[in-house]
Amino acid sequence: MSDIPAIRVSGAVKCFGALRALDGVDLDIRQGEFFGLLGPNGAGKTTLISALAGLSRLTEGHIAVMGHDVVRDYRQARSVLGVVPQELVFDPFFSVRELLRIQAGYFGIRGNDDWIDELLANLDLTNKAETNMRQLSGGMKRRVLVAQALVHKPDVIVLDEPTAGVDVELRQTLWRFIRKLNENGHTIVLTTHYLEEAEELCHRIAMLKAGQIVALDTTQNILARVGGQTLKLHIGSAALPAVLVAKALSFDAGVAQFNFADPLQVEETLRVMREAGVRVEEMEILKPDLEQAFIQMMRQEAA
Ligand SMILES: Nc1ncnc2c1ncn2[C@@H]1O[C@H](COP(=O)(O)OP(=O)(O)O)[C@@H](O)[C@H]1O
Ligand SMILES: [Mg+2]
């Protein structure tokens, strides 16, 4: 039982007309992993999750959840899987508790109010249990979506950008709970564009780009690959001197990032800035994080 992968994706291809949103993805996620599926917008993360959840069909290839094929054994696959979708979709006419009971009923579960209460408590939703969905704020609805995905205690939990646009408090509440579930043996798959979140939470990471996996490794190994040090220079609305444009890892919102194997290169970079008359408002030297790893990998692929 335990050597069956929690998720096995084999040769997954998904076409939308001429676009190959998934372009040959092979991926095994082990039971008990806390796995990060990262990639820029449009990389194919949600497409993969929709196929996984049985909401759309692959053009080619197969996906199995705990050994159950998501098309052939749809009901079994669905019963061991909980998906928190990226989009907020819900029925406005029910209260939070009614919605969760209905969802439980869909899985043939009745009388699991103890678990529903535990979910509500862990997601700080207890005092909203009798509130109608349409009266909840976006952040509260997001919590209900999480509860809804977990109502049948699935072995495998997939969260698609669960913290996009939500406040710090919810992020912390959510991660505390998801971590606890992972410690209790649930497999967690997370997509996020908050890379510091992925870095903190995920044991292993796949980076997806244009429908293909461009990196698959432990978070530690991915970070070790970058090496060196990261220099961040805040230059406000000034233009980045031309000689530095090619050297910068990124230049966004007035912040230029560089990665240097040799710290002495910092001096050279500052000299160029000074000679170009660019005022450096703030300087940071950091250990490379997942963001730098990500930018580097996306670049290498483009080259
Ligand atoms: N229903 C659809 N019809 C046409 N194109 C789609 C559809 N869903 C997604 N796409 C396209 O597939 C690509 C991958 O999208 P998506 O899986 O949503 O990416 P991600 O979740 O990584 O941001 C994008 O180019 C997107 O525009
Ligand atoms: Mg998406």
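**Exercise 1. Find how many cavities of 30 Å³ or more the structure has, and describe the largest cavity.**

Step 1. A cavity is a set of points, on a 1 Å grid over the protein atoms alone, where a 1.4 Å probe fits but cannot get out. By this rule there are 2 cavities of 30 Å³ or more; a volume is the space filled by probe spheres set on the points, which are joined across faces, edges and corners. The model is predicted: local features need pLDDT of at least 70, side-chain atom pairs count only at pLDDT 80 or more, and totals for chains, interfaces and linings use all residues. Residues are numbered from 1 along each chain as its sequence is written, chains are lettered from A and ligands numbered from 1 in the order written, and side-chain values use heavy atoms, without hydrogens and water.

Step 2. The largest cavity holds about 70 Å³ of space. Lining residues have an atom within 4 Å of a point; here they are Ile 7, Val 9, Leu 27, Ile 29, Leu 37, Leu 48, Ile 49, Leu 52 and Val 189.

Step 3. Two or more lining residues come from each of β1 (7-16), β2 (19-29) and α1 (45-52). Helices (H or I, at least four residues) and strands (E, at least two) are DSSP runs, numbered from the N terminus. The largest share, 3 residues, belongs to α1.

Step 4. Sorted by class, this lining has 9 nonpolar, no polar and no charged residues.

**Exercise 2. State what lines the second largest cavity.**

Step 1. About 30 Å³ of space lies in the second largest cavity. Its lining consists of Gln 229, Thr 230, Leu 231, Phe 260, Pro 263, Val 266 and Ile 285.

Step 2. Strand β11 (residues 229-234) gives the largest share of this lining, 3 residues. By class there are 5 nonpolar, 2 polar and no charged residues.

**Exercise 3. Describe the surroundings of ligand 1.**

Step 1. Residues with a heavy atom within 4 Å count as near. Among those around ligand 1 are Phe 16, Leu 19, Pro 40, Lys 45 and Thr 46.

Step 2. Look for polar contacts (pairs of N or O atoms within 3.5 Å). An oxygen atom of ligand 1 is 2.8 Å from a side-chain N or O atom of Lys 45. For a backbone N or O atom of Gly 44 the distance to a ligand 1 oxygen is 2.9 Å, and for a polar backbone atom of Ala 43 it is 3.1 Å.

Step 3. The shell around ligand 1 draws two or more residues from each of β2 and α1. Its largest share, 3 residues, comes from α1.

Technical notes
On a 1 Å grid over the protein atoms alone, a cavity is a set of points where a 1.4 Å probe fits but cannot get out, and a pocket is an open set with protein on both sides within 12 Å along at least five of seven lines; lining residues have an atom within 4 Å of a point. Ala, Val, Leu, Ile, Met, Phe, Trp, Tyr, Cys and Pro count as nonpolar, Asp, Glu, Lys and Arg as charged, and the others, Gly among them, as polar. A polar contact is a pair of N or O atoms within 3.5 Å; within protein, one must be able to donate a hydrogen and the other to accept it, and residues adjacent in sequence count only if both atoms are side-chain atoms.
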